[in-house]
Amino acid sequence: MAASDPRESLGVADVTAELATIWRRFEGDADAALRAVTDTAARSLAVGRASIWLLDDDRRVLRCVDLFQAAEASHSAGTSLGADTFPRYFTALEQEETIAAEDAHADPRTAEFSQVYLAPLGIGA
């Protein structure tokens, strides 16, 4: 998005309203809505990447349905994480609505991602 885009300077309340209306604007095009959500989230939080993950019906596999990488302004999807490989994280998902880890490498709920996912991608929180 260009720096002159008026959405670049949105406040928290504005971003929340923006995210709440995205599904209506992209009715019938879920992929476009997912891309708009991750793009808006990355810009508003001033982070390098934002993603949306969904659990499968059995709650045993978590799939990335959209990943926005700000530096490249690119979207991708498809990474899967399984409960058999990351049991502590999946247990935490069952017990908590939100998992906010300031240090994802040290937090016991997310530390098992460190070697195979977080470190290679330069993710810390």
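User: What makes the place of Arg59 a loop between strand 1 and strand 2?

Analyst: Strands are DSSP runs of E, at least two residues long, and helices are runs of H or I, at least four, both numbered from the N terminus. Strand 1 covers 49-55 and strand 2 covers 61-69, and Arg59 sits in the loop between them. This is a predicted model: local features need pLDDT of at least 70, side-chain atom pairs count only at pLDDT 80 or more, and totals for chains, interfaces and linings use all residues. Residues are numbered from 1 along each chain as its sequence is written, and side-chain values use heavy atoms, with hydrogens and water left out.

User: Why is Arg59 called partly exposed?

Analyst: Buried means under 20% relative accessible area, exposed over 50%, and partly exposed in between (1.4 Å probe, protein chains only). Arg59 has 39%, so it is partly exposed.

User: And what makes Ala73 exposed?

Analyst: Its relative accessible area is 51%, so Ala73 counts as exposed. Ala73 lies in the loop between strand 2 and strand 3 (74-76).

User: What is the phi of Arg59, and of Ala73?

Analyst: Arg59 has a positive phi of about 60 degrees. Ala73 has a positive phi near 50 degrees. Neither residue is a glycine. Most residues other than glycine have a negative phi.

User: How do you know that the buried residues of helix 4 line one face?

Analyst: The buried residues of helix 4 (residues 114-121) are Ser114, Tyr117 and Leu118. Seen down the axis, they fall within an arc of 120 degrees, so they line one face. The arc is that of the directions from the helix axis to the C-beta atoms. The face turned away from the buried side carries exposed Gln115, Val116 and Pro120.
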